[in-house]
Amino acid sequence: MDSAANTGHPRRWAILGVLVISLLVVVLDNTVLNVAMRTLADPVHGLGATQSQLEWAINSYTLVFAGLLFSFGVLGDRWGRKRFLLIGLVLFGIASVLSAYAQDPGQLIAARAFMGVGGAAIMPVTLSIISNVFDPRERGKAIGIWAGSVGLAVAIGPLLGGFLLEHFWWGSVFMINVPIILFGLVAVAFLVPESRDPQPGRIDLVGVVLSVVGLVALVYGIVDGGEHGFGRPEVWASLIGGALVLAAFVWWESRTTHPSLDVKLFRDARFSASVASIGLLFFASMGSFFFVGFYLQLVRDYSPMQSGALLVPFAVGQMVFAPLSTNLVKRFGVRTVSAAGILLAGITFAVLATLQVDTPVWIVVVNFFFMGAGMANVMPPATNTIMSVLPREKAGVGSAVSNTVRQVAVAMGVAVLGSVVAGVYRGEIDTATAALPGPIRDVANESIAGAYGVAANLGPAGGPLVSAANDAFVHAMHWAALGSTLVALIAVAVVLRWMPKQLAGPAGPGAAQAPAGAPTRADIPVNRSVPADGDEGDVQRPSRLSAVG
């Protein structure tokens, strides 16, 4: 690339490294926590948390995180992305210390909710900063590296968590965040330039409030329904109420003169098809991936560290192919690459539907690698397409929409497919537990973990119950995997029907030119027309970057 035509920041690759570290601490914390559940339930070595309290230790974070993602992405554009990143890291660090030294499950749940505030400030601005410091022709590669770091965190989390729990007290899984955050704060302060929308207009208070209320209510209904069933009126009240508030948000945004989200963006096939592909893929993948942990640790009896090691190929697939996806897009087009990636991921979901109690482990390992490779060829191209629709000064909007859809899709995938697993499991194991006393039978019928607990108290007589629970869970997991496969095929159809073949430059309001007189960095020649990724004929329209420091 001709360096004279490069609109990127001179320190852009160092900045990307800092942003990856900031993102790692958010993703890493959640994967580490998953392996600490059993320890936290121990009344001697942990907090004596109940199953419901353990679920809310995870879900309180998810609820706050998903509810604030959109608003924080938009506000980061207005008030400064670097500022939001620094604030998010500080809040995340404080919440990590509070979580580590929680004295009871209630304090841990509250600290985790507080941690969600920090995470929501960190994640969307990392992506919008990438869009502002990278030339459009390098942005796809940078987003690929950004996405690949998620796979790295997925693999490192269980390994690191298992090591810490074997050698230190349970709070160490949270304290590990502190040195990473301290390093991140120093690096962000010295390396990352401040950027914001130079003409943000009036703040859309009504839109911000509606988005937060609607998303929190919707996600709460999804999470609560996934845990306790969708047959209760309060679950549907939350789901319907959240949907109505979000509908009011869309109505308001289409009529206000200063919208947080220009809903006309969804008329652009690049934007809407990319958002849909991300949502459908993460619904499918996380809906199945969530239950693989139970399969490995309970059915196959692997330790948390061993299970984490088996997930490394998934991370390798993402780390290898995510940065390479931009080259594939240039050669074959975003539609072809995205559809092929989703189809490959769908095939791996179908393979999950064939796993048995004694399936050779190499099949599991190879399948994880191809699952990571498939997803690595979807997330970066789709995200880059979303970001290309908007000018640089509005990057937070694209990042906010992408991350919010992904987080809600993950919650829905786990809840909906989790309900499928729970229903099939109960139907399959009912015969094996028929002779047990009522309360004990209910525990064994609730989950495979419950059945294992009952079997442990039965002594040698619990062997048949363990075998029945394993068979019932594997059969139930097959149905979830088939559901994921079906959703993946729907995503392929959406991409082939609506995703444009090639990536084009920004469109929509504000994309034609930058506001007159907007300040720019002297060392960044941002006001130039350059070819967009993989499209010699298209032109990235000029935009301006407001940068300080």
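1. Contact here means heavy atoms within 4.5 Å. The model under review is predicted. By that criterion, Leu281, Phe282, Ser285, Met286, Phe289, Val292 and Leu296 of helix 11 meet Val364, Phe368, Met371 and Met375 of helix 14. The residues of this contact comprise ten nonpolar, one polar and no charged.

2. As to geometry, helix 11 spans residues 269–299 and helix 14 spans residues 361–376; the two pack at an angle of about 155 degrees, and their axes lie 13 Å apart. Angles over 145 degrees count as roughly antiparallel, and helix 11 and helix 14 are therefore roughly antiparallel to each other. The crossing of helix 11 past helix 14 is left-handed.

3. The structure contains three salt bridges. One of them joins the side chains of arginine 12 and glutamate 138, at 2.6 Å from N to O. Arginine 12 belongs to helix 1 (residues 12–34) and glutamate 138 to helix 6 (residues 136–167), so this pair ties together parts that are 126 residues apart in sequence. Arginine 12 and glutamate 138 are both buried.

4. A salt bridge also links the side chains of aspartate 268 and arginine 270, with an N to O distance of 2.7 Å. Buried means under 20% relative accessible area; aspartate 268, at 16%, therefore counts as buried, and arginine 270 is buried with 8%.

5. The side chains of glutamate 234 and arginine 232 form a salt bridge at 3.1 Å, N to O. Glutamate 234 is partly exposed, its relative accessible area being 44%. Arginine 232 likewise counts as partly exposed, at 24% relative accessibility.

Key:
Residues numbered from 1 in each chain as written. Predicted model: local features only at pLDDT ≥ 70, side-chain atom pairs only at ≥ 80, totals over all residues. Heavy atoms only, no water. Axes fitted to C-alpha atoms, helices over the stretch in contact; angles between N-to-C directions. Helix = DSSP H or I, 4+ residues; strand = E, 2+ residues; numbered from the N terminus. Parallel < 35°, antiparallel > 145°, perpendicular 65-115°, else oblique. Left-handed = near helix turned anticlockwise from the far one by under 90°. Nonpolar A, V, L, I, M, F, W, Y, C, P; charged D, E, K, R; others polar. Salt bridge = Lys/Arg side-chain N within 4 Å of Asp/Glu carboxyl O. Buried < 20%, exposed > 50% of the residue type's maximum accessible area, 1.4 Å probe, protein only.
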